[in-house]
Amino acid sequence: MSTIFGKILAGEIPADRVYEDDRCIAFRDVNPCAPTHLLVIPRKPLAQLDAMEEADEALVGHLMRVATLVAKQAGIDDFRLVVNNGAGAGQSVFHLHLHVIGGRDLSWPPG
Ligand code: AMP
């Protein structure tokens, strides 16, 4: 089942893309919770982190490297990566995504 992120990948709905390659894209979150709030998503439609298999390890590592790259590109050295796994953890779009959040002081622990 295609999600809104699947539609962004297919070019069916617009997104403010900041990065793309053969394995993933990154774009601005439409409802940012910080001055920098980017989403990194794989082209492969993994629903969530726990759908990941051993064969996906390189892909997920790549997503983390791209998250670092787009943070640097946005001019921030300090940032937080968030992956919500499951509705009870706040996941609302069931296509794996890494939130890259920064540009302000971030408190800990998160809600
Ligand atoms: P999560 O709650 O972890 O599933 O995060 C989903 C994120 O996707 C939220 O931060 C939303 O603001 C964001 N989002 C939903 N639709 C869009 C969209 N069309 N373009 C960009 N970001 C979106």
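1. Starting with the ligand: one of its nitrogen atoms is 3.1 Å from a polar backbone atom of Val30. Keep in mind throughout that this is a predicted model. Val30 belongs to the loop that runs between strand 2 and strand 3. With a relative accessibility of 83%, Val30 counts as exposed, but note that this figure takes only the protein chains into account.

2. An oxygen atom of the ligand is 2.7 Å from a polar backbone atom of Gly90. For Ser92, a backbone N or O atom lies 2.7 Å from an oxygen atom of the ligand. On its own the ligand would expose 500 Å², and the protein buries 83% of that.

3. Which pocket holds the ligand? The ligand sits in the largest one. As for secondary structure, helix 1 (4-9) and strand 2 (24-28) are the elements that give two or more residues to the shell around the ligand. Helix 1 gives the most, with three residues.

4. How many residues surround the ligand? There are 16, and the closest are Asp29, Asn84, Gly90, Ser92 and His99.

5. On to the cysteines. If you go looking for disulfides, a search of the whole structure finds zero. Cys24 is in none, and the nearest cysteine sulfur, that of Cys33, is 20 Å away.

6. Cys33 has a relative accessible area of 40%, so Cys33 is partly exposed.

7. Have a look at the backbone at Pro109 too. The peptide bond from Trp108 to Pro109 is cis, with omega near 5 degrees. In general, most peptide bonds are trans. As for where to find Pro109, go to the segment after strand 5 (98-102).

8. Two alanines make a handy pair to inspect. Ala51 lies in the loop between strand 3 (36-42) and helix 2 (57-73), while Ala67 is found in helix 2. Ala51 has a relative accessibility of 32%, so Ala51 counts as partly exposed. Ala67 is buried, because its relative accessible area is 0%.

9. Ala51 and Leu96 are 45 residues apart along the chain, with their C-alpha atoms separated by 8.8 Å. Ala67 and Arg80 are 13 residues apart in sequence, and C-alpha to C-alpha they are 9.7 Å apart in space.

Key: Residues are numbered from 1 along each chain as its sequence is written. This is a predicted model: local features need pLDDT of at least 70, side-chain atom pairs count only at pLDDT 80 or more; totals for chains, interfaces and linings use all residues. Side-chain values use heavy atoms; hydrogens and water are left out. A disulfide is a pair of cysteine sulfur atoms within 2.5 Å. Buried means under 20% relative accessible area, exposed over 50%, partly exposed in between (1.4 Å probe, protein chains only). A residue is near a molecule or strand if one of its heavy atoms lies within 4 Å of it. A polar contact is a pair of N or O atoms within 3.5 Å; within protein, one must be able to donate a hydrogen and the other to accept it, and residues adjacent in sequence count only if both atoms are side-chain atoms. Accessible areas come from the Shrake-Rupley method with a 1.4 Å probe; for residues, only the protein chains shown count as cover. On a 1 Å grid over the protein atoms alone, a cavity is a set of points where a 1.4 Å probe fits but cannot get out, and a pocket is an open set with protein on both sides within 12 Å along at least five of seven lines; lining residues have an atom within 4 Å of a point. A molecule sits in a cavity or pocket if more than half of its atoms lie within 2 Å of its grid points. Helices (H or I, at least four residues) and strands (E, at least two) are DSSP runs, numbered from the N terminus.
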